[in-house]
Amino acid sequence: MDPYSAEGELVNIHNAFHQGQYQQVVDFDTSSFSASNELPARILKLRARIALGQYDDVISEAEAESLVPDLAAAKTLAQYLKDPWDADDAIAAARKLASEQGDSLSVQLLAGSVLSNAGLNEEALALLAKHQGSLDAVAMIIQIHLQQNRADLAAKEAQQARKWAQDSLLVNIAESWVGLREGGEKYQQAFYVFEELAQAPASQAVQSLLGQAISEMHLGRLPEAEAALQQAIGLDAKNGDVIANTIVLNTILGKDTTELRKNLAEVQPKHPFFVDVQVKKEAFDAAQAKYAPKVQA
């Protein structure tokens, strides 16, 4: 059973997490929760602290109870994200957890995140496939398929989840991710979901504003996208995803992006934006070389 299901007492803290309201999750009063939900709630708080970049604090807290698979998985993800450039130990730990504790939902999500971030998508998918009706696992599977440019598989996962999760917030968000990849009328549908979250004081967060801005860009509403990104910057000026999408928007608008690129390199030097640009540059150089004029002596 999914401890974060809509029928459980964790629904509010779980929704806050997926709305990107990480500090609210950390500060959430869980004293009234039942004993069976104590660990799942604690893991959500650790995941929120990881999202806030509090890697050392998470590592320190989880270290004392690293024999608990859930906490060991949280520690492993924090270690990986703290230094993705030197993460062999964290990847090895994630693989060990996947092998020995793969039935744990926390291991599936947190070790799976390590594996996916490390480019080991097939291993991550194999681990996540062990879930027992977890929307969090489904959402991560969808993200991986989208990274693999398999929007068809991502859409299939979302459609299947809709059958048993009904109107869950996370299903709505996941369907919007897929819609942004599928395009057409799906852009407007995604916009409605993100705008509703972004403009409601109770649910506004960087992630929802970012989703709104990306939807606006796809719809060609650039001033509105810029306004949403400015709101997001006001909430977190050092968010790598916000900076990266501001670079994209400014490029479309013909504005200089030099300073923004420097900021992103300082905040998140291994951001997917840089990785993607490098891959495309190498592909362009390879294609250009095929058509380079050959001078015969």
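The model is predicted: local features need pLDDT of at least 70, side-chain atom pairs count only at pLDDT 80 or more, and totals for chains, interfaces and linings use all residues. Numbering runs from 1 along each chain as its sequence is written, and side-chain values use heavy atoms, without hydrogens and water.

I listed the buried residues of α9; among them are Leu135, Met140, Ile144 and His145. Which helices cover them? I noted α1 (11–18), α3 (38–51), α7 (105–117), α8 (121–128), α10 (151–165) and α11 (169–182) among the cover.

Next I checked the length of α9, residues 135–147. The expected span is 1.5 Å times one less than the number of residues. That gives 18 Å, and the end C-alpha atoms are 18 Å apart, which agrees.

Then I turned to the chain. I counted 17 helices and zero strands (DSSP runs: H or I, at least four residues; E, at least two). Of the 297 residues, 45% count as buried. I looked at contacts (heavy atoms within 4.5 Å) between residues at least 6 apart in sequence: 52% join residues at least 24 apart.

Last, overall size. The radius of gyration, over C-alpha atoms, is 20 Å. A compact globule of 297 residues would have one near 19 Å (2.2 Å times the number of residues to the power 0.38), so the chain agrees. Its C-alpha atoms fill a box of roughly 75 × 45 × 35 Å along the principal axes.

Definitions and conventions: Buried means under 20% relative accessible area, exposed over 50%, partly exposed in between (1.4 Å probe, protein chains only).
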